[in-house]
Amino acid sequence: MPDSPPSGRPSEIQSLWQIQPASLKAHLIVSLFSILGPISIHASDSEDAETMKRNAAEQAAALNQDPGGADRTSLLNARMKQEIRAGLPGQRNSHPDAQWFGDASLGLFLHWSISSVHGGIDLSWPMIKNMGPSLKLMPAEYWKLAETFKAEHYDPNLWLKAAKEAGFEYAVLTTKHHDGFTLWPTESSEIGVRTSLPGRDLVKDYVNACRTHGLKVGFYYSGPDWHKSKDYMSFNYRSESGGNSTLPPIPGRPDLDMNWEPTRIKSMPPEVRARIQQECRQQLTELLTRYGKIDVLWFDGGSGSDITFEEVRKLQPGIVINNRGGLPTKQGATKFEGDFFTVEHGDQPFRPPGWWEQLRIWNSPTWGYMTKNEKAYASTASILKSLARTKAWGGTVMANCGPRPDGTMPQPYYQGMAEVRDWMKANAESILGAHPMPRDMQSNVPVTTRESTWYLHAVAGTKGKIHVKPGSSATTIRSVRILRTGATVEFKWSNGQLEIDLPEPDRNRPHDVIAVTIGNQIKIKP
């Protein structure tokens with residue numbers, strides 16, 4: 001569950017093709033009121049529904065989410081003006097071992113922690129009272145979940161084998177979320193598998209499974225550690241001391257301790273801050289030295305330490321790092337912008353200039369496991385639609401799933417993976433190893449390319465007609481066919497525009513891909 005409120009992150013809420021997978025627009029920090037449906041509010045919450053709704057929209061705007069209405073329009077306008085500095089040529093990692101990311105298409109995000117024991121809450125954020133309408137749990141009770149987190153049937157080989165067969169290329173596991181629970185036996189943590197599961201190293205097993213099945217290895221790491229900071233933070237949203245928000249405090253809302261009792265927040269002494277920073281540095285050093293080559297480092301809310309960009313690169317020269325670490329350079333004058341740009345909420349509204357990644361919550365509506373995941377995930381069609389759109393703009397999709405507390409995956413995970421696998425059997429050439437659409441091409445559907453072939457992804461929303469203006473990439477059309485069946489498709493090519501009449505696709509079924517071979521046989525340049 002990506003990020004803490006103060007860190008800021010890009011959020012994109014609308015696409016060229018009007019892709020609006022509502023179930024995937026939720027963010028960990030607050031599940032938006034408009035898409036949650038039935039909700040559970042802690043019995044002691046005194047705000048009425050209208051106030052809660054207003055707060056949800058307010059904090060959503062502040063946290064770069066999709067609040068809807070006028071706030072949504074304002075947010076989109078602001079995001080359209082945002083300058084993207086991460087992932088740019090000349091600034092991202094030029095090491096040969098890092099170049100795979102520029103061609104990547106599909107990654108697997110794995111959110112797993114002690115919250116999975118509860119079955120009705122997400123990772124970490126339910127400890128913050130009054131933050132949105134979702135179910136809350138007192139921090140003291142949340143951390144007790146570690147006592148029954150057993151991972152007794154944990155075998156990541158099963159997860160990752162299915163993912164590899166479906167075309168996934170890399171995975172990222174939450175080694176430590178904001179709750180501070182570590183999935184590897186570090187000495188620099190008071191809560192984790194070292195204390196709860198002696199002798200176990202869940203990170204090691206995950207790394208070995210990635211390598212067994214040929215997936216790149218990624219680690220998520222949260223700099224904010226609420227367990228270490230629990231005596232110096234408020235567990236009440238927008239309370240007197242700030243309460244996990246950049247918005248002004250709400251008058252009369254008290255700071256709360258880990259038992260949700262009113263308290264006076266003490267300033268963290270410098271020596272405590274220094275100790276926590278050193279412990280986070282030690283944790284990162286362990287992750288980057290104990291497990292061999294690591295391909296992705298996915299920060300959330302910073303590194304929690306004073307570790308520098310150069311130090312990380314020295315430990316792992318070929319690693320790619322996201323844009324949420326805030327890593328200082330050795331001179332300390334600038335911050336590393338990131339090897340790639342991450343989009344967490346909704347759809348990126350414009351094409352980024354460099355390497356980028358789109359997140360999708362497959363096990364909707366929250367990042368971590370909930371018992372409702374046993375019934376269904378978000379539709380495979382919505383994931384494939386997002387994949388097509390993202391790949392057409394040169395990005396990669398990282399689809400999120402949450403394991404059960406026993407270390408197994410719900411059946412909808414395997415069903416979804418099988419559906420992606422079957423779609424890939426017919427259409428993989430349009431995604432894996434394919435290139436983005438040329439920048440001067442215009443289309444009402446996502447387009448990927450491979451030399452002298454365009455792949456038109458016939459997603460829902462075309463209203464029965466596909467339009468493509470290829471710009472400078474073609475002068476004639478040789479053939480048009482459905483990739484899955486090989487059947488030819490009638491088309492009209494006139495005045496430099498391709499038109500295809502095609503029945504409006506069913507948005508609940510994986511889309512077809514139309515392969516267009518251009519006649520002049522020039523190599524298409526994205």
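Me: What is the mean pLDDT of the protein chain?
Reply: The mean is 85, and 83% of the residues reach 70 or more. pLDDT is the predictor's confidence in each residue, from 0 to 100.

Me: What are the ground rules for numbering and cut-offs?
Reply: Residues are numbered from 1 along each chain as its sequence is written, and side-chain values use heavy atoms, with hydrogens and water left out. As this is a predicted model, local features need pLDDT of at least 70 and side-chain atom pairs count only at pLDDT 80 or more, while totals for chains, interfaces and linings use all residues.

Me: Salt bridges next. How many in the whole structure?
Reply: The search finds 21. A salt bridge is a side-chain nitrogen of Lys or Arg within 4 Å of a carboxyl oxygen of Asp or Glu.

Me: What does E311 pair with?
Reply: E311 pairs with R281, the closest N and O atoms being 2.9 Å apart. E311 sits in helix α10 (residues 309-315) and R281 in helix α9 (residues 270-289), so the bridge ties together parts 30 residues apart in sequence. Helices (H or I, at least four residues) and strands (E, at least two) are DSSP runs, numbered from the N terminus.

Me: Is R281 buried or exposed?
Reply: R281 counts as buried, at 17% relative accessibility, while E311 is partly exposed at 30%. Buried means under 20% relative accessible area, exposed over 50%, partly exposed in between (1.4 Å probe, protein chains only).

Me: And R313, which residue does its side chain meet?
Reply: The side chain of D339, at 2.7 Å, N to O. R313 is in helix α10 and D339 in the loop between β7 (320-321) and β8 (341-343), so this pair links parts 26 residues apart in sequence. R313 is buried at 13%, and D339 is buried at 0%.

Me: Which residues are joined into one network?
Reply: E190, K228, R275 and E279, through salt bridges that share partners.

Me: What about R194?
Reply: R194 bridges to E187, with the closest N and O atoms 4.0 Å apart. R194 is partly exposed at 31%, and E187 is exposed at 62%.
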